[in-house]
Amino acid sequence: MRAEDRAGFTDFVSAEQAALLRLAVLLTGDRGHAEDLVQTALIACYRHWPRIVRSGTPTAYVRRAMVTTQISWRRRLSSTEQVMEDLPEQAAPVAEQNEDDELRDALRDLPPRMRAAVVLRYFEDLSEKRTAELMGCSPSTVNTQTARGLERLRASLATPAVVGEERW
């Protein structure tokens, strides 16, 4: 890779790192996994950086890489998880949760594509069309996934006012 492409990639990462990490935290529900997700997506994008920059939308490309990577990770994990008879004991008592923690937990319980649709539409404030492009599906699928996701969030939070569009 040429020096100016490396410098451009470094500048991009410096400018977008916080936003990408916020998106990843919402997609994964865990800071450690979020950092891994951002790292994995950036590594994949680094190899093709000159082509990505020529397309004119590096942020969108990296977001798409994050969404598809997260969905593939969840699929892989769901096929290898094992049920345990006894749960391990908790190390410390669970602290009282605030609304943000409850929302994160509710988001974490959504299936990956549904979570991606809700996060991209309401947290990232993307249009249906742009969300569909990032997820690799049709806008009607985004609408369906978003509507079902919001319905599940409302049910799990048990207070419809907490998960209104104005909160996102």
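What pattern does the protein follow when read along the sequence? The pattern is α-α-α-α-α-α-α-α.

## Model and overall architecture

This is a predicted model, in which local features need pLDDT of at least 70 and side-chain atom pairs count only at pLDDT 80 or more, whereas totals for chains, interfaces and linings use all residues. Residues are numbered from 1 along each chain as its sequence is written, and side-chain values use heavy atoms, with hydrogens and water left out.

The protein has eight helices and zero strands; both kinds of element are DSSP runs numbered from the N terminus, helices being H or I with at least four residues and strands being E with at least two. Of the 168 residues in the protein, 38% are buried. Here buried means under 20% relative accessible area, exposed means over 50%, and partly exposed lies in between (1.4 Å probe, protein chains only). The accessible surface comes to about 10400 Å², and 50% of this area belongs to carbon and sulfur atoms; the areas come from the Shrake-Rupley method with a 1.4 Å probe, and for residues only the protein chains shown count as cover. Among contacts with a separation of 6 or more, 65% are between residues 24 or more positions apart, a contact being heavy atoms within 4.5 Å.

In soluble globular proteins, nonpolar side chains tend to be buried together. The largest nonpolar core of this model has 45 residues, and those with the most contacts inside it are Leu42, Val62, Met66 and Met135. The elements that give two or more residues to this core are α1 (3-28), α2 (31-46), α3 (49-55), α4 (58-80), α5 (99-109), α6 (112-123), α7 (128-135) and α8 (139-157). The most comes from α1, with 10 residues. A nonpolar core is defined as a set of buried Ala, Val, Leu, Ile, Met, Phe, Trp, Tyr and Cys residues joined through side-chain atoms within 4.5 Å.

Leaving aside neighbours within four places in sequence, Met135 is in contact with Arg64, Val67, Arg113, Ala116, Ala117, Leu120 and Val142.

Helix α2 has 16 residues and reaches 22 Å from its first C-alpha to its last, close to the 22 Å expected at 1.5 Å a residue. The expected span is 1.5 Å times one less than the number of residues in the helix.

Which residues of α2 are buried? They are Ala34, Leu37, Val38, Ala41, Leu42 and Cys45. Seen down the axis of α2, these buried residues fall within an arc of 125°, so they line one face of the helix; the arc is that of the directions from the helix axis to the C-beta atoms. An α-helix has 3.6 residues a turn, so residues three or four places apart point the same way.

## Salt bridges

The count comes to seven salt bridges, each being a side-chain nitrogen of Lys or Arg within 4 Å of a carboxyl oxygen of Asp or Glu. One of them joins Glu124 to Arg63, with the closest N and O atoms 2.7 Å apart. This pair links distant parts of the chain, Glu124 in the loop between α6 and α7 and Arg63 in helix α4, 61 residues apart. Both Glu124 and Arg63 are buried, Glu124 having 15% relative accessibility. Not counting residues up to four places away in sequence, Glu124 touches Ala19, Leu23, Arg63 and Val119.

Asp101 forms a salt bridge with Arg104, the closest N and O atoms being 2.8 Å apart. Because Asp101 and Arg104 are three residues apart in helix α5, about one helical turn separates them. Asp101 is partly exposed at 28% relative accessible area, and Arg104 is partly exposed at 32%. Elsewhere, salt bridges that share partners join Arg2, Glu4 and Asp5 into one network. Glu4 is partly exposed, with a relative accessible area of 49%, whereas Asp5 counts as buried at 13%. Asp5 is in helix α1 and, leaving aside its neighbours within four places in sequence, is in contact with Trp49 and Pro50.

## Gly149 in helix α8

Gly149 lies in helix α8 and is buried, with a relative accessible area of 0%. Not counting residues up to four places away in sequence, Gly149 touches Leu110, Met114 and Val118. Gly149 and Arg115 are 34 residues apart in sequence and 6.8 Å apart in space, C-alpha to C-alpha.
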